[in-house]
Amino acid sequence: MRFCFANRFSTIEFVVCRTIDGVRVSKMTFVGLVTGAIGHYWYIFIDKRYLGNCMRTVLKKTIFDQMFWAPVGITLFFGILGILDRKRSSDIASEIKQKGPEVMLVDWMVYPPAQIINYRFLPTRFRVLYDCLIAFALDLYYSHIKYER
C-alpha cells in the first residue's frame, strides 16, 4: 500500500491507494531529476546574485526564488508530465491554468519557510538535497492534483 499525503490549507486528507503505479512513479521521478538538475544551477546563480546569509539577504533570495523559480518549476512540472502523457500543448496550457493556481498557493505556503532555512543555514552544495526532501513530500500532493482530479 502507498499513502499519498495531501494538505489542503488547514485540512489534512490521506488518500489510500491500493497499488503502486510504476509508470506514474517513473514520470514523477523524471520530473524530479530534471527540476533537481536545473535547481542545482539555480542555487548557484542565486548565491552569486545575493551574497551572504544574513536575514535581509535570505529574505531577498527567498522572494526572488518564489517570484521566478516557483512559476517556472510548476510550469515544468505540468509541461514535462503533459509531454510524457502525450498531451497536446493546448491541453497542457489548459491544465496549467486550471490546476496551477492551487499548486502555486501550496508552493507559496510551504517553500518560503523552507527556503529561509535553506538559504540561512545550508551551504550551496546541500541546497538541492534539502530542496528534494521538501519537494518529495509536495510532489505526492502535486501528483494527486495532476492525476486524481
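Let me start with Tyr-142, which is buried at a relative accessible area of 5%, where buried stands for under 20% relative accessible area, exposed for over 50% and partly exposed for what falls in between, with a 1.4 Å probe and protein chains only. Tyr-142 sits in helix 4; helices here are DSSP runs of H or I with at least four residues, strands are E runs of at least two, and both are numbered from the N terminus. Setting aside neighbours within four places in sequence, Tyr-142 contacts Phe-77, Val-103, Val-106 and Asp-107, a contact being heavy atoms within 4.5 Å. Its C-alpha atom is 9.4 Å from that of Lys-99, a residue 43 positions away along the chain.

Before I go on, a word on the model, which is predicted: local features need pLDDT of at least 70 and side-chain atom pairs count only at pLDDT 80 or more, while totals for chains, interfaces and linings use all residues. Residues are numbered from 1 along each chain as its sequence is written, and side-chain values use heavy atoms, with hydrogens and water left out.

As for the overall layout, the protein has 4 helices and 2 strands, and reading along the sequence gives the pattern β-β-α-α-α-α. Of its 149 residues, 39% count as buried. Among contacts with a separation of 6 or more, 67% are between residues 24 or more positions apart.

Now to the charged side chains. A salt bridge here is a side-chain nitrogen of Lys or Arg within 4 Å of a carboxyl oxygen of Asp or Glu, and by this rule there are 9 salt bridges. Asp-47 pairs with Arg-127, with the closest N and O atoms 2.3 Å apart, and this pair links distant parts of the chain, since Asp-47 belongs to helix 1 (residues 22–49) and Arg-127 to helix 4 (residues 124–148), 80 residues apart. Both partners are on the inside by the accessibility cut-off: Asp-47 is buried at 13%, and Arg-127 is buried at 4%.

A second pair joins Lys-146 to Glu-95, with 2.6 Å between the closest N and O atoms. Because Lys-146 lies in helix 4 and Glu-95 in helix 3 (residues 89–121), the pair ties together parts that are 51 residues apart in sequence. Lys-146 and Glu-95 are both buried, and they belong to a network of salt bridges that also includes Lys-27, Asp-85, Lys-87 and Lys-99.

The bridge between Asp-91 and Arg-88, at 3.3 Å from N to O, has another setting: Asp-91 is partly exposed, with 32% relative accessibility, and Arg-88 is exposed, with 56%.

Most residues other than glycine have a negative phi, whereas Arg-86, although not a glycine, has a positive phi of about 60°.

Let me turn to the largest pocket, whose volume is about 800 Å³. On a 1 Å grid over the protein atoms alone, a pocket is an open set of points with protein on both sides within 12 Å along at least five of seven lines, the points being those where a 1.4 Å probe fits, and lining residues have an atom within 4 Å of a point. Grid points are joined across faces, edges and corners, and the volume is the space filled by probe spheres set on the points. The lining holds 34 residues, of which Met-28, Gly-32, Ala-135, Phe-136 and Asp-139 are the closest to the centre. Strand 1 (2–8), helix 1, helix 2 (55–84), helix 3 and helix 4 each give two or more residues to this lining, and helix 1 gives the largest share, 11 residues. By type the lining divides into 19 nonpolar, 9 polar and 6 charged residues, counting Ala, Val, Leu, Ile, Met, Phe, Trp, Tyr, Cys and Pro as nonpolar, Asp, Glu, Lys and Arg as charged, and the others, Gly among them, as polar.

Two last items. The structure holds 0 disulfides, a disulfide being a pair of cysteine sulfur atoms within 2.5 Å; Cys-54 is partly exposed at 42%, and Cys-132 is partly exposed at 35%. Finally, Thr-57 in helix 2 is buried, with a relative accessible area of 12%, and, not counting residues up to four places away in sequence, it touches Tyr-50, Leu-51 and Gly-52.
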